[in-house]
Amino acid sequence: MRLVYPASILFAYRDLAALKFEPRWRQVIAVIKTKGSAEMKSVLKSLALCAATFALVGTSGAQERVVNVYNWSDYIDESILADFTKETGIKVVYDVFDSNEILETKLLAGGTGYDVVVPSGVFLARQIQAGVFQPLDKSKLPNSVNMWDSVLDRTATYDPGHKYSINYMWGTTGIGYNTKAVKERLGEEISSWDVIFDPEKLAKLKDCGVHVLDAPAELIPAALNHLGKNPDSKDKDDIAAAEALLEKIRPNVQKFHSSEYINALANGDICVAVGWSGDVFQARDRAAEAKAGVEIGYAIPKKGALMWFDQMAIPADAKNVEEAHIFLNYIMKPEVIAKASNYVFYANGNKASQPLLDKEVTGDPAIYPDAATLEKLYITTPYDARTQRVVTRAWTKVKTGQ
Ligand code: N2P
């Protein structure tokens with residue numbers, strides 16, 4: 001148990017300790033020790049014991065409370081972290097990643113040092129099976145009442161009963177593009193995956209720069225969907241067909257990377273990126289701020305796109321479990337998560353936050369999909385270990401050609 005003593009007591013102890021070393025007090029103590037009555041000596045002993053106790057408790061009480069958070073890059077308004085510390089006294093050590101695979105490798109190895117991590121639902125599901133997380137103490141999460149049924153129903157596929165996770169944000173995997181550069185080369189804006197998966201079309205964009213997410217669990221389903229197959233297929237022949245299609249596009253892809261495309265799009269360094277909805281909108285925002293004439297669009301292609309859910313969970317070996325719960329509960333405050341969504345342009349799973357969202361966010365069907373958009377979105381389920389090996393091999397071949 002950690003005791004936090006009021007500052008006044010700690011200061012009194014500090015003054016007492018300082019007095020002890022004053023020459024005058026040293027003399028008094030020496031006199032009591034040699035000539036004092038038994039009663040005086042016992043008072044002195046109690047005082048010394050008191051001081052020692054305060055010294056011990058004082059040190060641990062002054063220890064900083066902390067929560068170590070590992071989240072996706074470009075995924076929060078950092079003033080939220082400062083506000084959290086101001087409100088709770090808990091410092092946030094915030095670290096970022098841009099790939100579920102990287103997070104998963106760390107989680108499976110254990111001892112990450114993180115107290116809160118944010119895998120996508122598909123990955124969370126198999127990490128739960130692997131015993132990577134601890135069950136949430138729901139009594140410490142009263143703000144769960146703010147969550148949205150429609151997202152809870154979907155995320156229950158990955159975490160039944162939401163025993164281990166809360167939703168942070170959700171979004172889609174589509175195509176971000178420089179409207180002018182694409183129009184110049186293709187004569188039209190982007191509305192279909194053909195632009196990516198038809199090598200002839202993609203070749204026309206090669207000169208202005210193409211990035212693709214380094215996310216096999218999202219690109220293989222996108223390729224399967226384009227081929228008219230089930231995007232969630234685990235069939236190895238289907239995966240081989242997706243691999244063959246992806247290999248054909250590689251010569252026109254400048255980079256497989258999952259976060260550089262935001263600035264690259266915004267600066268006009270690339271003209272197309274298979275990317276995540278909110279990230280592309282952040283690129284659009286950065287481009288507008290730079291006022292260099294770059295305009296960015298985002299397409300959820302007409303044949304469909306992946307809808308994913310990023311879930312906050314607490315690793316089984318987290319050290320600051322109490323603080324992690326306080327953090328999760330804070331994130332579920334409507335005004336906090338609304339601030340986050342307004343900043344990163346991703347939808348969240350918090351119903352009570354909706355009246356606080358900017359119109360630009362709620363009114364955009366590429367962020368909060370309307371019924372027609374929702375119809376086009378598909379979800380996926382986890383790969384079993386064997387299929388995962390096939391997918392990992394396929395992806396290495398796609399990226400390296402070997
Ligand atoms: C944030 C990207 C998170 C979406 N930059 C991927 N799940």
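Student: Which residues surround the ligand?

Tutor: In this predicted model, the ligand is surrounded by Trp-72, Ser-73, Asp-74, Tyr-75, Ser-120, Trp-276, Asp-279, Trp-308 and Asp-310.

Student: How many of the residues in that shell are nonpolar, polar and charged?

Tutor: Four residues of the shell around the ligand are nonpolar, two are polar and three are charged.

Student: Trp-72 brings strand E1 to mind. How many residues of E1 are buried?

Tutor: Strand E1 spans residues 65-72, and six of its eight residues are buried, so the strand is mostly covered.

Student: In what sense do E1 and E2 pair, and over how many bridges?

Tutor: E1 pairs with strand E2, residues 90-97, in the parallel sense over eight bridges. Within that pairing, Val-66 has Lys-91 of E2 as its bridge partner.

Student: Let us turn to the whole chain. How many helices and strands does the protein have?

Tutor: There are 19 helices and 11 strands in the protein. Of its 402 residues, 39% are buried.

Student: What share of the contacts with a separation of 6 or more comes from residues 24 or more positions apart?

Tutor: Such residues account for 73% of the contacts in the protein with a separation of 6 or more.

Student: Now the helices. At what angle do the axes of H11 and H12 cross?

Tutor: The axes of helix H11 (residues 216-226) and helix H12 (residues 236-249) cross at roughly 95 degrees and come within 9 Å. The two helices are therefore roughly perpendicular to each other.

Student: Which residues make that contact?

Tutor: From H11, the contact is made by Leu-219, Ile-220, Ala-223 and Leu-224. H12 contributes Asp-238, Ile-239, Ala-242, Leu-245 and Leu-246. By class, the residues of the contact of H11 with H12 comprise eight nonpolar, no polar and one charged.

Student: What about Glu-218: buried or exposed?

Tutor: Glu-218, in helix H11, counts as buried because it has 24 C-beta neighbours inside 10 Å, and the cut-off for a buried residue is 20 or more.

Student: Which residues does Glu-218 touch, leaving aside those up to four places away in sequence?

Tutor: On that basis, Glu-218 touches Thr-173, Leu-213 and Leu-306. Thr-173 is 45 residues apart from Glu-218 along the chain, and their C-alpha atoms are separated by 7.5 Å.

Student: On to backbone geometry. What is the phi of Lys-291?

Tutor: Lys-291 has a positive phi of about 50 degrees, although it is not a glycine. For context, most residues other than glycine have a negative phi. Lys-291 is found in the loop between helix H14 (277-290) and strand E8 (296-299).

Student: Is Lys-291 buried or exposed, and why?

Tutor: Lys-291 counts as exposed because it has 7 C-beta neighbours inside 10 Å.

Student: And where does Phe-345 lie?

Tutor: Phe-345 lies in the loop between helix H16 (334-344) and strand E10 (347-348). Just after H16, Phe-345 takes a positive phi of about 60 degrees, although it is not a glycine. Phe-345 is buried, since 26 other C-beta atoms lie within 10 Å.

Student: Which residues of H16 are buried?

Tutor: The buried residues of H16 are Val-336, Ile-337, Ala-338, Ser-341, Tyr-343 and Val-344.

Student: Against what do they pack?

Tutor: The buried residues of H16 pack against helix H4 (79-88), H14, helix H15 (321-331), E10 and helix H17 (359-362).

Conventions
Residues are numbered from 1 along each chain as its sequence is written. This is a predicted model: local features need pLDDT of at least 70, side-chain atom pairs count only at pLDDT 80 or more; totals for chains, interfaces and linings use all residues. A residue is near a molecule or strand if its C-beta atom, placed from the backbone, lies within 6 Å of it. Ala, Val, Leu, Ile, Met, Phe, Trp, Tyr, Cys and Pro count as nonpolar, Asp, Glu, Lys and Arg as charged, and the others, Gly among them, as polar. Axes are lines fitted to C-alpha atoms, for helices over the stretch in contact, and angles run from 0 to 180 degrees between N-to-C directions. Helices (H or I, at least four residues) and strands (E, at least two) are DSSP runs, numbered from the N terminus. Angles under 35 degrees count as roughly parallel, over 145 as roughly antiparallel, 65 to 115 as roughly perpendicular and the rest as oblique. Two residues are in contact if their C-beta atoms, placed from the backbone, lie within 7 Å. A residue is buried if 20 or more other C-beta atoms lie within 10 Å of its own, exposed if 12 or fewer, and partly exposed in between; C-beta atoms are placed from the backbone. Two strands pair if DSSP finds at least two bridges between them.
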